[in-house]
Amino acid sequence: MIRRQFLRDSLGAATATALAGCGNKDQRVQLTFGSYADPGLDILKDEFLPEFEKTTGIGTEWVEADFSGWLQKALNDGETKAGAFDIYVMDDLWVPRFAGARYLANLDELGFQTDEDFLTPALDLGYWPPKTGLRQPGIDPKAKPILYSLPLVSDVQLLFYRRDIFGDSPPSTWDDISRVARQKSNPAKRQYGWVTRGVKGNPIMNSFFVLLHDFGGTEFGENWKVTFNSPQAVEALEFYLSLLPYEPEGIAEFDSDQEGETLLQGNAFAATIWTGWCRQTDDPIRSRVVNKIGFAVPPRKVNRVAKLGLFMAGIAAAAPHKTEALEFLKWFSRSDIQIRFARAGGIPFKMSAFKDQEARRSSRWLDAILGAMTLGIPSPRTSDWSKVEDILGTELNRALLDKGNARQHLDAAAAEATAFLKSAGYHAD
Amino acid sequence: MRTKCLAWTLIAPTALFVLAMTVLPLGYSLVTSFEEFRLGRPPVFTGLQNFHKLLQDTNFHSSLVTTLIFSVVATGVEFVLGLALALLLKEEFPFHGVIRSSLIIPMVIAPVVVGIIWRLLYNADVGLFSFVMQALTGESVSVLSSTVLALPALILVDIWEWTPFMFLILLAGIQSLPQEPFEAARVDGASSWNVFVHLTLPMLRPVILVAVLIRALDAFTVFDQVFVLTQGGPGTATEVATLMIYKTAFRFSQFGYGAAMAVALGVLVACFSTAVTRAFRGSV
């Protein structure tokens, strides 16, 4: 009798608890963001998503993985149309793949209106097919570009330079960088004139990209003909290799973390680094060169460019909450929100936010970022760029190990890339 | 009849689970390997085209050779070290429990973390390895930037992490051997070496086969350490097959070709396992 009573009471209590739980369950819509982990997103996650929730009553859930892990998840979700995520946070390089494969919802159709305050180079990254430049085979040359994603956080490679070495005015040419490196480097005391990324593939390609374009080279010419073995490109690579004696040992294994740390520890005079590192330079816990680092657009040779690498956001084609996702994109791209985002330390994508005095005072790198964004160019807009980048990045890494043979390595990469592009349906001649 | 029905009913959930989780994905990969499958486009059956391409892909051949070298050397060294440790620590002695437990620590650390730890150790500027080399030779060594040293460096990481696994299996095997033959050998005055060669090794052969096979199969699919430490570089010196498959499928979005690579690797691993098993059986 006692046992039966106990069981009955327990069952009753469990049922009551379960029902109470159901009753208390948050009934509001939950917007699911999928993203890679990156400190550049912290302000958005920690300060602005809670505010969005409070303002709109829409709940948010942030699911993140490492960069490669998230790419796999996102591709899987996009391909299977599973609808596990409402908003994909993407590297701008992913937009051609995701938009081209129709994993993203058409923002024009959903009713998103752009305005003049958007930075054009940032906004243009969200269109597919691209607004300018070459178009991938199979895409109608006359097809109208459609907006598939929006900038989320601006990111661009800046020249980080030591003001105590170069003075207050930044080095304006690559020759300035080379000259100071030659004159002031002292490897015995771990003082290096330059630091860069050397790991094969994307890391070294990111470092070489600016030099390639600054020296007048390009990746592709007409009809996707490979041109990264042109005389200008060879000159750019030879210059890149000429800085090796003024760089730390083992640069071929340096990725962005080692590159940034070398600068933050006061061991390097200059580097081209993503803007995500700006704030850390003035953090005494992380940096030994607080207030000694200056920021500028990368130097000039024939041209002056910066490499764009924005965080983008797109609504999944199979998103269960498209309306709410659109509401978030509209809210976050409002100029007043962008100004507050910049004041909080985020890197905005609207001109008014870059011009805001308070934001400029709290983030002394904003002017340089605006300058670089204006001159910025992205990676070639094709879903096959990753493969070409891997081919070229492997040969660049080999050139680093050889400490020479620039032409030979670029020719080898060009031959392999051309063969690949032809097999993938590109004209490439 | 009723008992048979009950048996099938009880086994059905597990069988279905195994079917859904292993057989179906494998089958799907096999089907995909015969297709041109790129993002956003419907897969197109292309017969053996992917495999024909594989035969001409020198980068993939090179990655298979790298994988083979990695697997054979790492498994071989791990076996020798694991066996030596097992023989050394098989007897009871003070603190044997603590020592045995501490030996397995590397095995329980996540491979990615292992990669990060060793990346710091190998760092040319501040790494321990470079520091020691500088003290000994006056010159720092950039291990992961060297096409000669990078692969041995990765093998060393694998040996550090997985020798305890060999040790554990072999120790369990040694401790479960019947004692009578050893006592008889001792009475007959056999030397330790003779006991090891003529008794321990032959009697341990089934355990060795299992340990070597498990480790070799695992080594063939090494990914994490390579991804964290070298990303296949410098050049293509450490580009193992799994890394290439991953890049082909997920970075370059060539799912069909990636699946064909995976099938080829699977066949290679199956051949290797069969060869090892036959070699062991043949020598019994």
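In chain B, the centres of domain 1 and domain 2 lie 31 Å apart, taken over C-alpha atoms. Keep in mind that this is a predicted model. Chain B splits into domain 1, residues 1-30, and domain 2, residues 58-113 + 141-282.

Let's pick one residue there. Tyr28(B) sits in helix 1 of chain B, residues 2-32. Is Tyr28(B) buried or exposed? Count the other C-beta atoms within 10 Å: there are 11. The cut-off for exposed is 12 or fewer. So Tyr28(B) is exposed. Now compare sequence with space. Tyr28(B) and His96(B) are 68 residues apart in sequence. From C-alpha to C-alpha, 49 Å lie between Tyr28(B) and His96(B).

Next, the two chains together. Chain B puts 20 residues in contact with 23 residues of chain A. What is the chain B side made of? Eleven of its residues are polar, six are nonpolar and three are charged.

On to chain A. Its mean pLDDT is 91, and 94% of its residues reach 70 or more. One stretch to treat separately is residues 16-25 of chain A, where the pLDDT is below 50. That stretch has zero contacts in the model beyond near neighbours in sequence.

Chain A also has two domains. Domain 1 covers 31-155 + 310-377, and domain 2 covers 157-307 + 384-423. Their centres are 27 Å apart, over C-alpha atoms. Where they touch, domain 1 of chain A gives 16 residues and domain 2 of chain A gives 17. Which elements give two or more residues to the domain 1 side? They are helix 17 (366-375) and strand 12 (376-377) of chain A. Helix 17 of chain A has the largest share, with five residues. By class, the domain 1 side has ten nonpolar, four polar and two charged residues.

Now the sheet in chain A. It is open, it has five strands, and the order is 2-1-3-11-6, with mixed pairing. Which strands stand at the edges? Strand 2 (59-65) and strand 6 (149-153) of chain A do. Each has a single partner strand, so one side of each is left without a neighbour in the sheet. On average, neighbouring strands are turned by 30° against each other, direction ignored.

Let's walk through the pairs. Strand 1 (residues 30-36) and strand 3 (residues 87-91) of chain A run parallel, with two bridges. Phe33(A) stands opposite Ile87(A) of strand 3. Two helices pack on this sheet. Helix 3 of chain A, residues 67-80, touches strand 1, strand 2 and strand 3. The direction of helix 3 makes about 130° with that of strand 1 of chain A. Helix 13 of chain A, residues 322-332, touches strand 1, strand 3, strand 6 and strand 11. Its direction makes about 150° with that of strand 11 of chain A.

That brings us to strand 11 of chain A, residues 311-315. Strand 3 and strand 11 of chain A are antiparallel, joined by five bridges. In that pair, Tyr88(A) stands opposite Gly314(A). Strand 6 also pairs with strand 11 of chain A in the antiparallel sense, over four bridges. There, Pro151(A) has Met312(A) as its bridge partner.

Why is strand 11 of chain A largely enclosed by the rest of the structure? Because five of its five residues are buried. Look at both faces. Phe311(A), Ala313(A) and Ile315(A) are buried on one side. Met312(A) and Gly314(A) are buried on the other.

Terms used. Residues are numbered from 1 along each chain as its sequence is written. Chains are lettered from A and ligands numbered from 1 in the order in which they are written. This is a predicted model: local features need pLDDT of at least 70, side-chain atom pairs count only at pLDDT 80 or more; totals for chains, interfaces and linings use all residues. Domain bounds come from an automatic or database domain assignment. Two strands pair if DSSP finds at least two bridges between them. Axes are lines fitted to C-alpha atoms, for helices over the stretch in contact, and angles run from 0 to 180 degrees between N-to-C directions. Two residues are in contact if their C-beta atoms, placed from the backbone, lie within 7 Å. Ala, Val, Leu, Ile, Met, Phe, Trp, Tyr, Cys and Pro count as nonpolar, Asp, Glu, Lys and Arg as charged, and the others, Gly among them, as polar. pLDDT is the predictor's confidence in each residue, from 0 to 100. A residue is buried if 20 or more other C-beta atoms lie within 10 Å of its own, exposed if 12 or fewer, and partly exposed in between; C-beta atoms are placed from the backbone.
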